[in-house]
Amino acid sequence: DVDVSAILRSVVLSLSPFAQKQNVALVLEGAEGSDRVMGDQDQLTQVFTNLVENAIKYGGAGRQVSICVAAHTQEPTMRGPALRVDVADQGEGIAQEHIPRLTQRFYRVDSHRSREMGGTGLGLAIVKHIINRHRGRLRIESYAGKGSCFSVILPYE
Ligand code: ATP
Ligand code: MG
């Protein structure tokens, strides 16, 4: 098994130079202890790296990105208790019509920011693939003009 909170601490450490460069404050909540699930360390590191990197890129300079861990939650469509990690930004959000397509390979919302920030449009496709392999869920919520929240929901076993 792997310690998701420890993974999040290391992802925040390794992305903090990028966050600083973009003038974004990274805030990690609820990850002081150890929260273990069955899973692959490198793959889950990739998942949270991609999500936090997106939040920094698209969340808007001068704003905050918060990463919040919730243990033993009850989630719709999950059979048992789950571990949920919310990666939330305060950016422009994503229009509803794009949300179902975000995890398709090479799909990018045609905004200034996507074009100017660079990237290939594979990040969320990889996230989705890895979460599926862990029998988890990816939930995307967005409020136009207010920001987005990407929730990773992982079963304990
Ligand atoms: P890559 O991750 O391969 O470097 P990318 O970031 O463009 O490139 P994805 O991570 O798959 O690709 O994201 C797809 C698209 O979803 C992005 O281009 C962007 O338009 C949109 N997107 C992703 N995360 C956010 C977010 N937090 N806020 C607003 N839009 C987002
Ligand atoms: Mg990306």
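This is a predicted model: local features need pLDDT of at least 70, side-chain atom pairs count only at pLDDT 80 or more; totals for chains, interfaces and linings use all residues.
Guide: Residues are numbered from 1 along each chain as its sequence is written, while chains are lettered from A and ligands numbered from 1 in the order in which they are written.

Visitor: What makes Met78 partly exposed?

Guide: A residue is buried if 20 or more other C-beta atoms, placed from the backbone, lie within 10 Å of its own, exposed if 12 or fewer, and partly exposed in between. Met78 has 16 other C-beta atoms within 10 Å, and is therefore partly exposed. Met78 sits in the loop between E4 and E5, where helices (H or I, at least four residues) and strands (E, at least two) are DSSP runs numbered from the N terminus.

Visitor: Which residues does Met78 touch, not counting residues up to four places away in sequence?

Guide: Contact requires C-beta atoms, placed from the backbone, to lie within 7 Å, and on that basis Met78 touches Arg137, Ile153 and Pro155.

Visitor: Why is strand E2 said to lie largely in the open?

Guide: Of the five residues of E2 (residues 25-29), the number buried is zero, so the strand lies largely in the open.

Visitor: How do you know that E2 and strand E4 pair?

Guide: Two strands pair if DSSP finds at least two bridges between them, and E2 and E4 (residues 64-73) have five bridges, in the parallel sense. Glu29, for its part, has Cys68 of E4 as its bridge partner.

Visitor: What span is expected of helix H1, and what does H1 reach?

Guide: The expected span is 1.5 Å times one less than the number of residues; H1 (residues 4-21) has 18 residues and reaches 26 Å from its first C-alpha to its last, close to the 26 Å expected.

Visitor: Where in H1 does a kink lie?

Guide: The bend at a residue is the angle between axes fitted to the seven residues ending there and the seven starting there, and a kink of about 45 degrees lies at Leu15, shortly before the proline Pro17. Leu15 is also among the buried residues of H1, which include Ile7, Leu8 and Val11.

Visitor: Which helix gives the most to the shell around ligand 1?

Guide: A residue is near a molecule if its C-beta atom, placed from the backbone, lies within 6 Å of it, and 22 residues surround ligand 1. H2 gives the most to this shell, with four residues.

Note on methods
Two residues are in contact if their C-beta atoms, placed from the backbone, lie within 7 Å.
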